[in-house]
Amino acid sequence: MIPEKFIKFAALGALGVAGGAFAAYAALLVAFLPTPTSGMPGNGGGFDTIGWQTVAVALLVPIALLAAWHVDFAKQLKAGRNTCPGV
């Protein structure tokens with residue numbers, strides 16, 4: 001259980017993780033950018049444009065879920081103590 005005096009900081013941290021997840025997503029997209037000669041014979045590998053777009057979409061789903069979970073957790077923390085018994 002989070003002490004009452006740290007709940008606002010925990011909510012702010014959860015929102016920070018959500019923003020950081022999208023910053024990590026942007027960094028990964030830059031890291032996986034196609035090389036100028038990707039897909040050319042004899043270039044030694046690398047992503048082509050279609051592979052890069054596929055990775056971009058495939059990475060978006062878990063990153064968006066992670067960010068959404070943290071935003072929801074921050075909303076729950078900001079709402080305060082739950083008054084529903086058993087929850």
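How many helices and strands are there in the chain? There are 2 helices and 0 strands, where helices are DSSP runs of H or I with at least four residues and strands are E runs of at least two, numbered from the N terminus. Keep in mind that this is a predicted model, in which local features need pLDDT of at least 70 and side-chain atom pairs count only at pLDDT 80 or more, while totals for chains, interfaces and linings use all residues. Residues are numbered from 1 along each chain as its sequence is written, and side-chain values use heavy atoms, leaving out hydrogens and water.

Let's start with the chain as a whole. Of its 87 residues, 17% are buried, meaning under 20% relative accessible area with a 1.4 Å probe and protein chains only; exposed means over 50%, and partly exposed lies in between. Among contacts (heavy atoms within 4.5 Å) with a separation of 6 or more, 67% come from residues 24 or more positions apart.

Now follow the chain to the loop between α1 (7-31) and α2 (49-79), where you will find Leu33. Leu33 has a relative accessible area of 45%, so it is partly exposed. Its C-alpha atom is 9.8 Å from that of Ala56, which is 23 residues away along the chain.

Next, the surface. The chain exposes about 6400 Å², with carbon and sulfur atoms supplying 72% of it; these areas come from the Shrake-Rupley method with a 1.4 Å probe. Helix α2 also holds Phe73, and this residue counts as partly exposed because its relative accessibility is 38%.
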